[in-house]
Amino acid sequence: SAQRRFVGAAQRRFVGAHVAVVSAGLAHAAGAVDLANGQMLFTQKCAACHAGGAGWAGGGSLSSKDLERNGYAQIEGMVGLLSKGKGMMPAFGPTAPPFARFDDAQLGDVAAYVLAQAATGWAK
């Protein structure tokens with residue numbers, strides 16, 4: 001069925017995002033990406049502007065299409081964006097204030113969560 005094909009494709013994209021995080025060396029010491037942690041951090045720090053994959057003023061959304069167009073559809077690009085920020089989006093990497101800073105594992109978790117959600121169209 002079409003639904004089964006969609007779910008299968010979404011699962012493959014999720015696994016691809018997971019493999020990319022691990023191969024980029026951004027996984028936790030235990031070797032696993034924590035998407036639940038990524039979701040929690042996204043909800044705390046990002047959802048005010050990007051809930052449900054929403055866009056930002058003057059930019060695109062967090063859809064797969066817009067992430068690809070803007071160079072953030074791969075884990076490295078997404079981690080770079082999260083780490084350094086852009087425009088009105090604050091940095092969450094080493095230059096961020098301590099209360100807003102993510103460590104490498106957290107950056108990987110949030111990046112993997114965003115890419116996994118984008119792959120499924122931010123389905124609820």
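The exercises below work through a predicted model of one protein chain, and each task is followed by a solution in steps.

## Exercise 1: The chain as a whole

Find how many helices and strands the chain has, and what share of its residues counts as buried.

**Solution.** Begin with the elements: the chain contains 6 helices and 0 strands, and, read from the N terminus on, the order of the elements is α-α-α-α-α-α. Finally, consider the contacts in the chain with a separation of 6 or more, of which 57% come from residues 24 or more positions apart.

## Exercise 2: Helix 6 and its two ends

Compare the reach of helix 6 with the expected value, and describe what is found at the start of the helix and after it.

**Solution.** Helix 6 covers residues 104-119, which are 16 residues in number, and from its first C-alpha to its last it reaches 22 Å, close to the expected 22 Å at 1.5 Å a residue. At the start of this helix, aspartate 103 brings a side-chain oxygen to within 3.1 Å of the backbone nitrogen of alanine 105. After the helix comes glycine 121, which has a positive phi near 75 degrees.

## Exercise 3: Buried or exposed in helix 6?

Decide whether helix 6 is mostly covered or mostly open, and then whether glutamine 117 and alanine 119 are buried or exposed.

**Solution.** Helix 6 is mostly covered, since 14 of its 16 residues are buried. To judge single residues we need the cut-off, which is a relative accessible area under 20% for a buried residue. Glutamine 117, which lies in helix 6, has a relative accessible area of 18% and is therefore buried. Leaving aside neighbours within four places in sequence, glutamine 117 is in contact with Trp122 and Ala123. Alanine 119 also belongs to helix 6, and with a relative accessible area of 9% this alanine is therefore buried. The C-alpha atoms of alanine 119 and leucine 62 are 9.9 Å apart in space, although the two residues are 57 residues apart in sequence.

## Exercise 4: Helix 5

**Solution.** Helix 5 is followed by glycine 85, whose phi is positive and near 75 degrees.

## Exercise 5: The largest nonpolar core

Name the residues that touch the most other members of the largest nonpolar core, and identify the element that gives the largest share.

**Solution.** This core has 24 residues, and those touching the most other members are Phe42, Leu67, Met78, Val114 and Trp122. Two or more residues each are given by helix 2 (35-45), helix 5 (75-84) and helix 6. The largest share, 8 residues, comes from helix 6. As background, nonpolar side chains in soluble globular proteins tend to be buried together.

## Exercise 6: Aromatic pairs

Describe the ring pair of phenylalanine 42 and tyrosine 113, and then that of tyrosine 113 and tryptophan 122.

**Solution.** The structure holds 4 aromatic pairs. One of them joins phenylalanine 42 and tyrosine 113, with 5.5 Å from centre to centre and 55 degrees between the planes, and this pair is tilted. Phenylalanine 42 lies in helix 2 and tyrosine 113 in helix 6, so the pair ties together parts that are 71 residues apart in sequence. For tyrosine 113 and tryptophan 122, the ring centres are 6.0 Å apart and the planes stand at 85 degrees, so this pair is edge-to-face. Phenylalanine 42 and tyrosine 113 are both buried, and tryptophan 122 is buried too. Together, Phe42, Tyr113 and Trp122 form one aromatic cluster.

Note on methods. Residues are numbered from 1 along each chain as its sequence is written. This is a predicted model: local features need pLDDT of at least 70, side-chain atom pairs count only at pLDDT 80 or more; totals for chains, interfaces and linings use all residues. Side-chain values use heavy atoms; hydrogens and water are left out. Helices (H or I, at least four residues) and strands (E, at least two) are DSSP runs, numbered from the N terminus. The expected span of a helix is 1.5 Å times one less than its number of residues. Buried means under 20% relative accessible area, exposed over 50%, partly exposed in between (1.4 Å probe, protein chains only). A polar contact is a pair of N or O atoms within 3.5 Å; within protein, one must be able to donate a hydrogen and the other to accept it, and residues adjacent in sequence count only if both atoms are side-chain atoms. A nonpolar core is a set of buried Ala, Val, Leu, Ile, Met, Phe, Trp, Tyr and Cys residues joined through side-chain atoms within 4.5 Å. Contact means heavy atoms within 4.5 Å. Rings of Phe, Tyr and Trp (its six-membered ring) pair if their centres lie within 6.5 Å; planes under 30 degrees apart count as stacked, over 60 as edge-to-face and the rest as tilted.
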